[in-house]
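Here are some notes to read alongside the model, written as numbered points.

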Amino acid sequence: MKRYWFGLAGLAGLAVGMRYALRQRPLDVRGRVVIVSGASSGIGRATAHAFAARGARVVLAARRADRLAAVQAELAVYGVPTLVVPADLGRESDLAALVEQTLAAFGRIDVLVCNAGLDLGGLHGEVDPARLRALVEVNFTATARLVQLVVPVLRAQGRGQIVIVGSGEAVSPVPGQAAYATSKAALAGFAAALRRELDDDGLRVSLVLPSLTRTPMIAAADEAVLRRLGIGIDEPETPAAAIVDAVRFGRRDVILGGPGLIAATWLERFAPGLMDLYWRWMLTPELIDALSRFGQEPDAS
Ligand SMILES: NC(=O)c1ccc[n+]([C@@H]2O[C@H](COP(=O)([O-])OP(=O)(O)OC[C@H]3O[C@@H](n4cnc5c(N)ncnc54)[C@H](OP(=O)(O)O)[C@@H]3O)[C@@H](O)[C@H]2O)c1
């Protein structure tokens with residue numbers, strides 16, 4: 001009887017070990033068709049580079065056609081097929097065109113990276129209502145709608161991955177960023193629910209939460225003041241590499257920003273009062289000013 005239990009435990013251990021080993025084997029993205037939204041700039045541009053460098057076929061989507069063409073020219077060095085689809089993701093017809101043009105060019109979609117996004121800095125009472133609506137439209141609604149259009153394609157193929165680019169602010173919200181943080185928290189909830197819905201179809205959903213990253217989005221803010229938040233400022237290549245790895249290793253949630261952000265995430269969950277105290281202590285007018293500049297043109301006052 002004892003031997004029976006030992007045998008059973010051994011088999012269970014072997015099954016768990018094999019599952020772990022198989023999960024760890026990285027996916028080869030060579031030849032995969034990857035749509036990157038918001039590829040004209042910052043993290044999206046770096047992500048397009050990172051996928052193309054590994055041999056993926058990359059579809060570049062954003063509004064500014066000239067910037068997309070410039071990124072496409074940069075990617076020529078990798079010798080992989082690329083496609084530019086100028087698209088305002090707030091427009092239903094552009095979302096549909098993005099999917100249609102990708103299928104017309106490559107016949108499939110393997111990975112969708114939902115990266116396009118806007119920031120809206122400022123104390124909430126002062127933010128422009130039109131920009132508030134645009135923020136929710138682009139950051140949440142357009143992402144959710146694009147996923148709706150792409151999932152049937154992935155289902156028909158029997159495989160595919162979706163990466164949702166959130167923000168550390170989804171788990172540790174920052175004053176002067178209320179609506180932005182909320183739009184990213186909405187994406188975090190969306191990614192978790194979607195993952196559970198698609199699990200049976202063999203489709204994977206990853207949530208990548210970048211920390212502060214040196215891109216045009218935060219260029220108008222004073223970096224020296226931001227550094228006092230206690231977290232570093234990443235180069236766009238850092239979240240880009242995390243996005244590619246999320247696909248290669250089928251990662252679920254990836255929080256960037258190092259131990260500072262991980263500690264903040266835990267404190268938000270188990271001792272939110274301490275985080276309130278932290279912000280009471282940190283929130284100088286100078287910092288509020290810096291955070292309020294996110295999403296503005298660098299020369300805007
Ligand atoms: N930088 C940070 O510190 C940071 C931190 C955490 C998370 N993130 C997230 O990372 C993502 C990328 O941001 P980033 O820092 O790389 O900023 P970015 O350089 O400003 O890039 C934003 C991208 O989104 C695109 N976009 C905006 N509105 C769009 C629309 N209506 N339709 C299509 N594309 C649109 C922009 O392209 P067009 O203007 O050409 O349309 C651009 O390519 C965002 O989701 C952001 O929230 C950034």
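1. Let me begin with Ser41: a polar atom of its side chain sits 2.4 Å from an oxygen atom of the ligand. Please keep in mind throughout that this is a predicted model. Lys184 places a polar side-chain atom 2.8 Å from a ligand oxygen, and Asp88 has one 3.0 Å from a ligand nitrogen.

2. How much of the ligand does the protein bury? Taken alone, the ligand exposes 870 Å², and 95% of that is buried by the protein.

3. The shell itself has 30 residues, of which Ser41, Arg63, Asn115, Tyr180 and Thr215 come nearest to the ligand. Sorted by class, there are 15 nonpolar residues, eleven polar ones and four charged ones.

4. Now for α6, which is 21 residues in length and spans 30 Å between its first and last C-alpha, close to the 30 Å expected at 1.5 Å a residue. Its buried residues include Tyr180 and Lys184, and you will remember Tyr180 from the residues nearest the ligand and Lys184 from the pair at 2.8 Å. Also buried in α6 are, among others, Leu187, Phe190, Ala191, Leu194 and Leu198. The partners that the buried residues of α6 pack against are α5 (129–157) and the strands β5 (161–165), β6 (204–209) and β7 (253–255).

5. The other helix of the shell, α2, has twelve residues and reaches 17 Å from first C-alpha to last, close to the 16 Å expected at 1.5 Å a residue. This helix is mostly covered, with nine of the twelve residues buried. Among them are Gly42, Ile43, Gly44, His49 and Phe51. Just after α2, have a look at Gly55, where phi is positive, at about 90 degrees.

6. Thr215 deserves a point of its own. This residue belongs to the loop between β6 and α7 (223–227). Is Thr215 buried or exposed? Thr215 counts as buried, because its relative accessibility is 11%, below the 20% cut-off. Setting aside neighbours within four places in sequence, Thr215 contacts Gly42, Ile43 and Pro236; Gly42 and Ile43 are among the buried residues of α2.

7. Gln177 lies in the loop between β5 and α6. With a relative accessibility of 0%, Gln177 is buried. Its contacts, not counting residues up to four places away in sequence, are Asp119, Leu120, Gly121, Gly122, Glu169, Leu291 and Phe294.

8. Arg248 is classed as buried because its relative accessible area is 14%, which is under 20%. Beyond residues up to four places away in sequence, Arg248 touches Arg25, Pro26, Leu27, Val29 and Arg54.

Key
Residues are numbered from 1 along each chain as its sequence is written. This is a predicted model: local features need pLDDT of at least 70, side-chain atom pairs count only at pLDDT 80 or more; totals for chains, interfaces and linings use all residues. Side-chain values use heavy atoms; hydrogens and water are left out. A residue is near a molecule or strand if one of its heavy atoms lies within 4 Å of it. A polar contact is a pair of N or O atoms within 3.5 Å; within protein, one must be able to donate a hydrogen and the other to accept it, and residues adjacent in sequence count only if both atoms are side-chain atoms. Accessible areas come from the Shrake-Rupley method with a 1.4 Å probe; for residues, only the protein chains shown count as cover. Ala, Val, Leu, Ile, Met, Phe, Trp, Tyr, Cys and Pro count as nonpolar, Asp, Glu, Lys and Arg as charged, and the others, Gly among them, as polar. Helices (H or I, at least four residues) and strands (E, at least two) are DSSP runs, numbered from the N terminus. The expected span of a helix is 1.5 Å times one less than its number of residues. Buried means under 20% relative accessible area, exposed over 50%, partly exposed in between (1.4 Å probe, protein chains only). Contact means heavy atoms within 4.5 Å.
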